[in-house]
Amino acid sequence: MIKINFDSKVDTTKATAILKEIAKDRMGGWFNLPRKYDMGELMRIKEAAQKIRDESEVLVCIGIGGSYLGHRAVIEALRPKSGTRIIYAGNSLSRRELDHALKLVGDHDFSINVISKSGTTLEPALAFGEFRKKLIEKYGEEEAYQRIYATTDKKQGALHDEAVACGYTRFVVPDNIGGRYSVLTAVGMLPMAVAGVDIDKLLEGAADAASESVEAAVNYAFMRYELGAKGYDTEVFASFEPCTAYFNEWLKQLFGESEGKDKQGVWPASVVYSTDLHSLGQFMQDGRRNLWETIIDYPTDETNAKVVQAVKIAHLQGGIPVLDIAVSSFDEKGFGELIYFFELACAVSAKLFGVNPFDQPGVEAYKNELRKLI
Ligand code: PA5
């Protein structure tokens with residue numbers, strides 16, 4: 001269960017209405033997902049993961065934004081020991097990064113999981129073209145196609161059409177779940193299972209949060225809104241475990257894309273302490289007072305726990321509101337809880353700011369302009 005150290009002024013009538021709206025939203029499929037998981041789909045994911053693990057030393061995960069941040073966050077945090085190595089590609093348009101990823105795969109046996117809901121995003125499309133070529137050169141067309149796993153729309157998009165034509169194994173990004181809310185679908189579950197993450201436990205954690213941590217998530221959403229109304233326009237997510245840096249990245253995407261529209265929202269930033277106390281600590285302590293700090297309080301060792309304590313005291317003295325979100329365990333269950341908690345809090349918070357939590361017109365605008373240029 002997620003525990004918080006603050007209590008905001010929750011308007012319960014409004015909160016209930018918002019929760020109902022979210023549950024009924026045509027993009028609210030993630031809301032009941034952990035409780036009503038399609039067990040047949042889960043089994044297919046596990047079987048595909050086992051096949052990849054049996055025949056590949058490396059899985060190349062190609063995707064950007066919501067198609068990679070969530071699963072990367074969990075894999076990098078938990079560092080599972082028994083899995084296949086994951087190499088990420090297609091999350092930028094840098095030729096240098098792509099060449100580096102190709103070099104890392106080298107002569108290893110590999111498979112590809114290309115993930116794109118729209119199936120038309122340029123970054124993954126370009127990287128996929130390169131890795132697909134490498135796969136065909138290594139294994140020949142027939143075997144190569146059996147090593148490609150495409151996670152995309154059920155019935156449309158360039159990736160969908162290619163997957164059908166070539167017979168790649170397909171997984172579906174449900175119509176009613178957007179990229180940044182899709183970690184617990186095949187988007188995240190397949191790579192996590194391949195990497196050795198216990199996806200049953202992850203789901204268990206998310207289901208627990210869906211029944212036990214709703215109040216805390218709503219409280220946190222109202223607190224964000226209150227702070228926003230008081231002029232705090234930046235939220236700094238602080239963690240004290242360097243391996244959770246990608247979880248911060250997922251949080252920034254989740255809140256940034258869900259809230260930042262119609263000239264609304266809170267700018268999501270992040271730090272990892274104690275490292276960043278030696279770079280951004282000065283600003284946090286004594287710089288412009290337009291920010292608050294949300295500590296993601298993971299269970300940690302004794303010395304690090306003292307750092308958490310010291311930071312809370314010092315930053316409160318420095319005049320920063322400090323919110324504490326305590327994570328129950330540093331394992332799959334804890335991360336499952338956290339994912340659901342933040343998805344829910346973010347959707348409620350965006351609704352309080354009066355914006356649609358589930359669209360991303362700004363991202364589409366950039367994609368359209370880039371398509372015209374390249
Ligand atoms: O959350 C979102 O919807 C976005 O961040 C998308 O995940 C991202 O733009 C990638 O899109 P796609 O999965 O269609 O390639």
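A crossing of two helices is left-handed if the near helix is turned anticlockwise from the far one by less than a right angle, and right-handed if it is turned clockwise. In this predicted model, H3 passes H10 in a left-handed crossing, whereas the crossing of H1 and H13 is right-handed, as is that of H10 and H13. The structure also holds 1 cavity of 30 Å³ or more, and its largest pocket has a volume of about 730 Å³. The points below take up helix packing, pockets, the cavity and backbone geometry in turn.

**Packing of H3 with H10**

- Helix H3 covers residues 69-78, and helix H10 covers residues 245-259.
- The axes of H3 and H10 come within 7 Å and cross at roughly 155°.
- Angles over 145 degrees count as roughly antiparallel, and H3 and H10 are therefore roughly antiparallel to each other.
- On the H3 side, the residues in contact are Leu-69, Gly-70, Arg-72, Ala-73 and Glu-76; they meet Tyr-246, Phe-247, Glu-249, Trp-250 and Gln-253 of H10.
- By class, this contact of H3 with H10 comprises 5 nonpolar, 2 polar and 3 charged residues.

**Packing of H10 with H13**

- H10 also packs against H13, at an angle of about 20° and with the two axes 9 Å apart.
- The two helices, H10 and H13, are therefore roughly parallel to each other.
- The crossing of H10 with H13 is right-handed.
- H10 contributes Phe-247, Trp-250, Leu-251, Leu-254, Phe-255, Ser-258 and Glu-259 to the contact, while H13 contributes Phe-335, Leu-338, Ile-339, Phe-342, Glu-343, Cys-346, Ser-349 and Ala-350.
- Sorted by class, the residues of the contact of H10 with H13 are 11 nonpolar, 2 polar and 2 charged.
- Phe-247 and Trp-250 of H10 take part in the contact with H13 and are also listed in the contact with H3.

**Packing of H1 with H13**

- Helix H1 (residues 12-24) and helix H13 (residues 332-352) pack at an angle of about 110°, and their axes are 10 Å apart.
- That angle makes H1 roughly perpendicular to H13.
- The residues that form the contact are Lys-14, Ile-18, Leu-19, Glu-21 and Ile-22 from H1, together with Leu-344, Ala-347, Val-348, Lys-351 and Leu-352 from H13.
- The contact of H1 with H13 has 7 nonpolar, no polar and 3 charged residues.

**The largest pocket**

- The volume of the largest pocket is about 730 Å³.
- It is lined by 33 residues, of which Lys-117, Gly-179, Gln-360, Glu-364 and Lys-367 lie nearest its centre.
- Strand S4 (110-116), H5, H10 and H14 are the elements that give two or more residues to this lining.
- The largest share of the lining, 5 residues, comes from H14.
- The lining of the largest pocket divides into 7 nonpolar, 14 polar and 12 charged residues.

**The second largest pocket**

- About 410 Å³ of space lies in the second largest pocket.
- Its lining has 22 residues, and those closest to its centre are Tyr-88, Ala-89, Asn-91, Glu-97 and Ala-101.
- H3, strand S3 (85-89), helix H4 (95-105) and H5 each supply at least two residues of this lining.
- H4 gives the most to the lining of the second largest pocket, with 6 residues.
- The lining of the second largest pocket is made up of 11 nonpolar, 5 polar and 6 charged residues.

**The cavity**

- The largest cavity holds about 50 Å³ of space.
- Its lining consists of Thr-121, Leu-122, Glu-123, Tyr-366, Lys-367, Leu-370 and Arg-371.
- Helix H5 (122-146) and helix H14 (361-373) are the elements that give two or more residues to this lining, and H14 gives the most, with 4 residues.
- By class, the cavity lining has 3 nonpolar, 1 polar and 3 charged residues.

**Backbone geometry**

- Most residues other than glycine have a negative phi, and most peptide bonds are trans.
- A cis peptide bond joins Tyr-273 and Ser-274, with omega of about 5°.
- Ser-274 is located in the loop between strand S8 (267-272) and helix H11 (281-286).
- Arg-79 is not a glycine, yet it has a positive phi of about 45°.
- Arg-79 lies in the loop between H3 and S3.

Key
Residues are numbered from 1 along each chain as its sequence is written. This is a predicted model: local features need pLDDT of at least 70, side-chain atom pairs count only at pLDDT 80 or more; totals for chains, interfaces and linings use all residues. Side-chain values use heavy atoms; hydrogens and water are left out. Axes are lines fitted to C-alpha atoms, for helices over the stretch in contact, and angles run from 0 to 180 degrees between N-to-C directions. Angles under 35 degrees count as roughly parallel, over 145 as roughly antiparallel, 65 to 115 as roughly perpendicular and the rest as oblique. Contact means heavy atoms within 4.5 Å. Ala, Val, Leu, Ile, Met, Phe, Trp, Tyr, Cys and Pro count as nonpolar, Asp, Glu, Lys and Arg as charged, and the others, Gly among them, as polar. On a 1 Å grid over the protein atoms alone, a cavity is a set of points where a 1.4 Å probe fits but cannot get out, and a pocket is an open set with protein on both sides within 12 Å along at least five of seven lines; lining residues have an atom within 4 Å of a point. Grid points are joined across faces, edges and corners, and a volume is the space filled by probe spheres set on the points.
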